[in-house]
Amino acid sequence: MSDKRDELAGVIASELNKTFKHQKVAYFLDEEQNPTDISDYISTGSTILDLAIANRPNAGVPVGKITELNGLEGSGKSLIGSHLLASTQKKDGIAVYIDTESAVSQEFLRAIGVDTTKMLYVHLETVEEIFDTIETIVTKIRESNKDKLVTILVDSLAAASTKVEMDADFDKDGWATAKAIIISKAMRKVTQMIARQKVALVFTNQLRQKLGVMFGDPWTTSGGKALPFHSSTRVRFKNAGQIKDSSKKNTIGIKIKGQVIKNRLGPPMRTAEFPLYFDTGIDDYGSWLNVMKEHKIVKQGGSWYTLQHVDMDTGEVLDEYKFQSKEFEKLMNDTPELKQYCYERICEACILKY
């Protein structure tokens, strides 16, 4: 391959690397080499949402990139962020929770699988402190262990103030653009900084309504346009309904709908729906069953489901299972081969092939 390369291109690459001595900026790529390939992914806790984001199996939120989770209040942003921290710890990574809302529940974090004794909790007030902290974390990683997976969750960017704002009184003081300017400057630094490390940077953000919008998207996020521009993935969540108990009187959970409104990993505008229970978090297997019903992988008759385990190569039916929805999770955990078969069928149904 090298004998076919243009000699002048080689001279240019050599000169560029002499100019920028602090890093190798110009080089030839092999056929299988991609400098922006993602080294790892972190699960959101929802298989269906992972597939909607990454459009590939066993994926989720990308490492080395910036992800924004936005939505109205009570839509599940902080919950998804907490599930990302739990998934990071399962991969023996470091989970960092930067809290600006003073609203962390240790009981709930532990319920969804976060080891709070190993999670680094940082309580900050201003955007300047947030980005100084992120820079310090990344710098320490460079000095010690570059292969260590780290997820930094900032919950939330909308609740963070600025140093000037904290020192001022409560009167209106003109246009509040200082926060957007600071975030814009910080994003230009942070994007390149984490791209070379095994760091996933996740921000939760609140939606604001655009005044006077009759058509199109009526929602925007606070803090300017820098975060939407620099994010590789933006997911918008909304409450899609309540889940009641058997008496139909008490609400025990909600249905969450997530839409990937920006995506540089796969096709955008994909959606994922999954149930969230207040005492246990995301019901991942419940969303599996919904997708399998939607794509006719299982057949439903009344409260009973029928699932055929089919050989993917020959089409031969290997086994048949009858169950109710409450038995599905146990069935998956007790039969790993069937679980893998179901997962492959879900991937086949959800992944968009180019």
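Modeller: Thr204 is found in strand E7, where a strand is a DSSP run (E, at least two residues), helices are H or I runs of at least four residues, and both are numbered from the N terminus. This is a predicted model, in which local features need pLDDT of at least 70, side-chain atom pairs count only at pLDDT 80 or more, and totals for chains, interfaces and linings use all residues. Residues are numbered from 1 along each chain as its sequence is written, and side-chain values use heavy atoms, with hydrogens and water left out.

Biologist: Why does Thr204 count as buried?

Modeller: Buried means under 20% relative accessible area, exposed means over 50%, and partly exposed is in between (1.4 Å probe, protein chains only). Thr204 has 0% relative accessibility, so it counts as buried.

Biologist: Which residues is Thr204 in contact with, leaving aside its neighbours within four places in sequence?

Modeller: Contact means heavy atoms within 4.5 Å. Thr204 has such contacts with Leu69, Lys77, Ser78, Leu153, Val154, Asp155, Ser156, Leu157 and Ala158.

Biologist: What pairs with E7, and in which sense?

Modeller: Two strands pair if DSSP finds at least two bridges between them. E6 and strand E7 (residues 199-209) have five bridges and pair in the parallel sense. Leu153 stands opposite Val202 in E7. E6 also pairs in the parallel sense with strand E4 (residues 94-99), over six bridges, and Ile152 in E6 is the bridge partner of Val96.

Biologist: Why is strand E6 called largely enclosed?

Modeller: Strand E6 (residues 150-155) is largely enclosed by the rest of the structure because six of its six residues are buried. Val150, Ile152 and Val154 point one way, Thr151, Leu153 and Asp155 the other way, and all are buried.

Biologist: What makes helix H2 mostly covered?

Modeller: In helix H2 (residues 47-54), eight of the eight residues are buried. Among them are Thr47, Asp50 and Ala54. Just after H2, Asn55 takes a positive phi of about 60°.

Biologist: How do you know that Glu68 counts as buried?

Modeller: Glu68, which lies in strand E3 (residues 66-71), has 0% relative accessibility and therefore counts as buried. Not counting residues up to four places away in sequence, Glu68 touches residues including Phe203, Asn205, Thr221 and Arg234.

Biologist: What joins the side chains of Glu68 and Asn70?

Modeller: A polar contact of 3.3 Å joins them. The term covers a pair of N or O atoms within 3.5 Å; within protein, one must be able to donate a hydrogen and the other to accept it, and residues adjacent in sequence count only if both atoms are side-chain atoms.
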